[in-house]
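Open the model in your viewer and keep the selection tool at hand.

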Amino acid sequence: MADAIVMEKVRKTFGEKVAVAGMDLAIPQGALYGFIGPNGAGKTTSIRMIMSILFPDSGALEVLGKASAVESKDRIGYLPEERGVYKKMKVWDFLTHMGKLKGIDSQVLRQRIPDWLTRVKLPEVAGKKCEELSKGMQQKIQFIGSVIHEPDLIILDEPFSGLDPVNMRLLRELIAEEHNRGATVIFSTHVMQQAEQVCDHIVMIHNGEKMLDSTIEEIRASHEPTSIAFGLADRAFDPEQLAAVEGVASVAQIEGQHEAEIAQGFDGRDVMRQMMNAAPLDRVELRRPTLEDVFINIVQGESGDDASLRAQLRGGVATEDEGGES
Amino acid sequence: MKRVLQVARREFASTALTKGFLFGAIILPAIMAAAIPGIGWLAAKAEEDAPVVEGTIALIDNSGGGEQLTDRISFRLQAEDFAAIDPTNPLEAVGAVTGSESVIELDPLGADADDTEVREALRTQYTEDVNGEVLALAIISEHAITPDGGDYSGFELLHRRKLDDRVISKMRGSIRGAIKDIRFDRAEIDEKQLAILSSVNSDTQEVSETGETTESNPLFGILLPIAMMILLMISVMTGGQYLLTTTIEEKSSRIVEVLLSAVSPMELMFGKILGQMGVGLVLMAIYSGVGAGALLYFSSTTGLLTPQLFVSLAVFFVLAYIMIASLMAAIGAAVNDLREAQSLMTPVMMTFMIPYFLVFPISRAPNSTLSTVLSFIPPVNPFVMVIRMGTNSPPPLWQVLVSALIGAVGAYAFVWFAAKVFRVGLLMYGKPPNFKTLIRWVRMA
């Protein structure tokens, strides 16, 4: 199948700052891709270039077989990171406006808008002004605005930010539905967990460079479990004693959770069994590396502050709502 | 094009179909027009309630007018109807009669009297509630009544502070009238006779193309160019101002990028400019319709209001509007909020104020070199042309056409500049730009 998006050596700088440094990327049609990376990594800039909102300094781009997204705007749905609504406009009018801009006529919209409002569980807001809605509600309206024309390519920049867990799940389901309809979906996030839950393919971006470009399975497979998480049934038991178990290199407490590092050359399952015998454990689990671990591994050395990066990648409160990416 | 129209439609609806616009553009002027008689009534009421001023004028008479002069002044100070006693000077009479009620007496000090005390009193007594005190010092100079050679001199009037200007005018009018009376007497001139002789009736008529005559109305000839310029200015500025506001709103509420996913920056800008042009046109149609209607109602002088005039008004509106609107769009896109827009707006506003300052020179001499040259310089040329076309010696057709052509080229250049700034500015947040940055953006885009 043809590629929905092709980027070749795309480079973009803002003054001194290199936002995207020679990106090569091919996203096949029908794929569900996640762009991940910390704030300021270059995700939004890449997406804006795909959308022809910004233009690369050098390199070539192809979107849905055309040289520029401008030529196929009606086939693309885009939810930018910097998103807003017309505050004084009624939800119905706003969605009609967005739909008409995408070339859908009012006849069709009269049907689709109530459909979609029901799907996002906001059937009663059509007559309300946008400013009367909560931020999360507005976000769902914006999502509708970006997919109401049933686009072939959907690009969502940080679609989950600011949503509560219930709505996050709802949005995940809607994204999956759009994907099943046949649309190519790309979304960016700085929260790795979301990417892991939704995507089948991950592109990691850091300091404007592509660090990783593979499927979730490939990533998992290429990273063997390196540690065992465990919980103590008897609180009086000193976890350090487990360091004596064969195959355990060290024991540590990482963010309130006990972890035993597997020594080189040992099989994780064997070590688990040994640990069960040696101590009163109520929980023991092979820890596969999360995307977060993989990411930290990849960028380690470049970023000195491991803890703050970790916090950011988990969508820590401090960075969640800023999203100030240039 | 469909997208441009959709943007324009939203822009128009969100501006013109709001209660605020209906109120500001239509209802408010209507209320104000209705309020004018009310204001007149209030002013009259205030006049009735004005406090009575009582006091004296200290008089030093160096002219030798003696009792005749003091009698005359007192008589005039007490007179109710000035026009009756002063037929040659109706204007002065009006000024004095409309004065607030006052009881003013004369206190003759004699020739060359010592006025130190009076001056001191004038210096210290000035609050409004001091009544019965000295209000002024009048010094009649030596040759006020008897000429020195062929020339007369007059008088000096020193009054205290915070005195009602109508009282001052009454005092001045009384003294002046008294002196004049005595001069007429001594020259043996009958004042009534003089008034009759001075009055010459004139009937000025304008001859139309068909040979009919209509009463000419010089005031109308002065007002029409000004009215047309103001009409153009209001419509253009209103549309431009709204465009600036909505652009800033779209940018600051971060809706711009959502829109850019559906339309190109150019489509967005043209749509917005088009939508607000509709708003400006609606305003202009309303006001010019009301204006023309009022003219038809009150006067038969509609000869100057030709269809060509309305057509050119519309053409020059479009040109002027596009120039200012593109600047407004560029500024709106460049800044983060209205406050930041002010500094960029100042030079723009100053430029567009030029016609305001020049409306009199241009309308008095519509075919002078200044007028002609300004007719060819964008962005002020549409305004200048409209002023000139409203006068009774409109410019030749070729000048109108050339001005419109230059205006069109100017509008194109403005749009070209704005398009570049608009495109770069829309997604730029942070430090507000100055004109230097804007130029850099134009080079960048």
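Select strand E3 (residues 32–36) of chain A. Leu32(A), Gly34(A) and Ile36(A) point one way from E3(A), Tyr33(A) and Phe35(A) point the other way, and all are buried (20 or more other C-beta atoms within 10 Å of the residue's own, with C-beta atoms placed from the backbone). In a regular strand, side chains alternate between the two faces of the sheet. Because five of the five residues of E3(A) are buried, the strand is largely enclosed by the rest of the structure. Helices (H or I, at least four residues) and strands (E, at least two) are DSSP runs, numbered from the N terminus.

This is a predicted model, in which local features need pLDDT of at least 70 and side-chain atom pairs count only at pLDDT 80 or more, while totals for chains, interfaces and linings use all residues. Residues are numbered from 1 along each chain as its sequence is written, and chains are lettered from A and ligands numbered from 1 in the order in which they are written.

Strand E7 (residues 184–189) of chain A runs parallel to E3(A) and is joined to it by five bridges; look for Phe187(A) opposite Gly34(A). Strand E8 (residues 201–206) of chain A also pairs in the parallel sense, over four bridges, with Val203(A) as the bridge partner of Phe35(A).

Zoom out to chain A. Its secondary structure comes to 11 helices and 13 strands, and buried residues make up 39% of its 326 residues.

Now show where chain A touches chain B. The contact (C-beta atoms, placed from the backbone, within 7 Å) takes 23 residues from chain A and 16 residues from chain B. On the chain A side, helix H2 (91–101) and helix H4 (135–147) each supply at least two residues, and H2(A) gives the most, with four.

Move to chain B and select helix H13 (residues 338–364). Buried residues of H13(B) include Phe352(B), Pro355(B) and Val359(B).

Last, select Ala418(B), which touches Met269(B), Ser326(B), Leu327(B), Ala329(B) and Ala330(B), not counting residues up to four places away in sequence.

Technical notes. Contact = placed C-beta atoms within 7 Å. Buried ≥ 20, exposed ≤ 12 C-beta atoms within 10 Å, placed from the backbone. Expected span 1.5 Å × (residues − 1). Pairing = 2+ DSSP bridges.
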